[in-house]
Structures are given as structure tokens and as C-alpha cells.
Amino acid sequence: MRQLLMLAVTLVAGPAGLLSTPLAAHAQPTTDQVLTEVGLSPDDTQRVLQGEFVSADVGAVSDRDLAFAIAFLVKTSPDNLARKIVAGELVSADDEVKEFGVISPAGTLGDFAKLDISNQAAQDLTGAKAGESLNLSASEISAFAILRGGTTYSVQQQLYRMLLARYQSYRASGLGGIAPYDRGGSTTDLADDLRKASQATRHLAKYMPAVHAMLLNYPNATVPGMRESFYWLKYVIRGKETYVLAHVLSAPEGAARVVVQRQFYASTGYDGEQAVAGFLPVQEGTVVVYAARAFTDQVTGLGSAAKRGIGRRVMAEQMKKLFDAERARVSK
């Protein structure tokens, strides 16, 4: 349940005095309509414009999906906010992010040189077995097992190789390049989850079909004016090191922006995420309409509905704290 930057939202047009700039020629909803389509009432819309955080329910696309949506106001322009996110300037707002780095377009082992792992993390990796404790493919488990009893440095180098291989596979083949996680007799297919999340962005398909197509068909589909970056991140979540690969991009639509974050690998705790946000220009700054889906095997099985409800509430509270701190910083 990490920093979940952004899921299925539509972008907007400028009547009714809310938006300062009209968008593209095809029929676009107003800001009010966008907020209504994510489940907010007219009163909720006014609360957003007055500076409150307002949450909305988002339907799950699978029994492994933790999903929620939130809307709030930031006193900066959509383009400025989008640039900060793509440039990685907001990563430090999450105090669970201990290290992060940019991955170059081609990708090299040197891109991961600042990623350090602890002795305990090295032992966990070399002792990994098929199951839910670590997210590894069968071949990745074997590669770490060979290093059992070796140095932390050697395990760290293998982690670099593994992360680089996953990055390069995703850059070459998109969702089709994401290796499933070995669960012992079965696998967890994160690519299928991310595909379902992308297909669920029905408003995006209607109003910004090129962005919708890009989510499903990257890298074979792109968007004019798109900016993108790739990052590795090391979180410490409940005392456990978690290594993540993230793809962040933004696309313009008039003065508005759509921003996507896809976490196409996470080593433990959850399987991956996809989120999309609409940054909507208003007189006061930018209305952010944010929704997110985190996928995890830990909310399946007996009592899964209750687990998902608890997970969404926890996630929403975490995100409110994160966004509130960052909103204060960006608005200065």
C-alpha cells in the first residue's frame, strides 16, 4: 500500500466558469461532471473547491484489488504539478521511501548503484521460496538461491541484475514483458491486473482514447506531448525492505494534464499498482482527481470483502497524509 500515483479519471472542458481553458474538440465533461462521475455530489464538489479532501468509492476489478479515489485542491498549475511528479520531486514526501534513483532509457547496472540492501534483506532473498512472502519468478528464485551463504554485496549485485532485466523487458514489451510471480504450483500475473485496471478507465477511453490505448499497448502506443520517467525505489514498510520499479508519465489535454504511475514490480508486501490522475485547472489552482488500485494476494480468500474495506480505509488515510503534506509544500 504505497504511494499510489493515480488512476482512471477523465479530463475536462472549460464552461461554467470553473476551467480557465477549453480542451480538445471532442465532447468533454465539465469539472462538475468529472467529480460526479467519480461519485461526488454537488456538495462534495464545493468541499473540494474549499480545500477539503473528499473520498469516493471505486469498484474493484478483481478480488485482489484495493481501490479508492480522492479529490482535492492544490494551489499551483496543472503543468507545474505534473512536471514535479514526472521529475520525481514529490517522491521524498513519502517517509517510507528511503532511497530512489532514475533509470536511464536504455538501462544500465550503474543506474542502481545507490541502492543498498541490508544483510537481513540479502538473507531473505537467498532463502526465498515460491509463495507470497517475496515476489519473484521461478528463475529469479533460483538465481538468488545460488548465492546462499555468500556476501551481501554479491546478492545486491544480483538484485541489480534482476531489476534491470525486469525494467528492460517492460520497456521492450510493456505489460507483456512483466514476468509472473511464482506462488508454488501457481503464479500471480501482475500484468493481467494492470491490464484490467487500464481497461477499467472507461472515461479515459471516451475522452482521451490515445492515453487509454497507451496504457494498454505501451510502448507500441504513445501520446503527443507525453513526458515519462522511470524510477527504482526502496521502501521500508513495517520494517521490511521493498524494491519497486515505477513508470511515471504525463500527457497534456489543453491546460489540463493526465498523470499516470504504474508500479510494474514490487518485491514484497503487495504485487504492484496503477494510478491515474486528472489535474484540472480552476481559478484557485488545480483540482486533482486521483484514483488508485493496489493489487495484493493478501486480500483474497475468507473475509476478503472486509479485508478490502479495511485496506481501502488505511490506504485513503495514508494518501491523505501524504497529499496534505505535499499540497502544503507545493502551494508555498
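**Close-up of Gln-168, which touches Ala-106 and Gly-107 once residues up to four places away in sequence are set aside.** Touching, or contact, means heavy atoms within 4.5 Å. This is a predicted model: local features need pLDDT of at least 70 and side-chain atom pairs count only at pLDDT 80 or more, while totals for chains, interfaces and linings use all residues. Residues are numbered from 1 along each chain as its sequence is written, and side-chain values use heavy atoms, with hydrogens and water left out. Gln-168 sits in helix H6 (helices are DSSP runs of H or I with at least four residues, strands are E runs with at least two, both numbered from the N terminus). With 35% relative accessibility, Gln-168 counts as partly exposed (buried is under 20% relative accessible area, exposed over 50%, partly exposed in between, with a 1.4 Å probe and protein chains only). Look along the chain for Ile-178 too: Gln-168 and Ile-178 are 10 residues apart in sequence, and their C-alpha atoms are 9.9 Å apart in space.

**Helices H5 and H6, packed at an angle of about 160 degrees.** H5 covers residues 138–145 and H6 covers residues 152–173, and their axes are 10 Å apart (axes are lines fitted to C-alpha atoms, for helices over the stretch in contact, with angles from 0 to 180 degrees between N-to-C directions). The pair is therefore roughly antiparallel (over 145 degrees; under 35 is roughly parallel, 65 to 115 roughly perpendicular, and the rest oblique). From H5, Glu-140, Ala-143 and Phe-144 come up against Val-155, Gln-158, Leu-159, Met-162 and Arg-166 of H6. Sorted by class, that contact has five nonpolar residues, one polar and two charged (Ala, Val, Leu, Ile, Met, Phe, Trp, Tyr, Cys and Pro are nonpolar, Asp, Glu, Lys and Arg charged, and the others, Gly among them, polar).

**Helices H7 and H9, with axes that come within 9 Å.** H7 (residues 190–199) and H9 (residues 209–217) cross at roughly 170 degrees, which makes H7 roughly antiparallel to H9. On the H7 side you'll find Arg-195, Ser-198 and Gln-199, and facing them are His-212, Leu-215 and Leu-216 of H9.

**The cis peptide bond between Tyr-218 and Pro-219.** Omega for this bond is about 5 degrees. Pro-219 lies in the loop between H9 and strand E6 (227–237).

**Leu-40, in the loop between helices H1 and H2.** H1 spans 31–37 and H2 spans 42–49. Leu-40 is buried, at 3% relative accessible area. Apart from residues up to four places away in sequence, Leu-40 touches Leu-35, Val-48, Val-54, Ser-55, Ala-56 and Ala-71. One of these partners, Ser-55, is 15 residues from Leu-40 along the chain, and the two C-alpha atoms are 8.0 Å apart.

**Zooming out to the chain: 10 helices and 10 strands.** The chain has 332 residues, and 56% of them count as buried. Among contacts with a separation of 6 or more, 66% join residues 24 or more positions apart.
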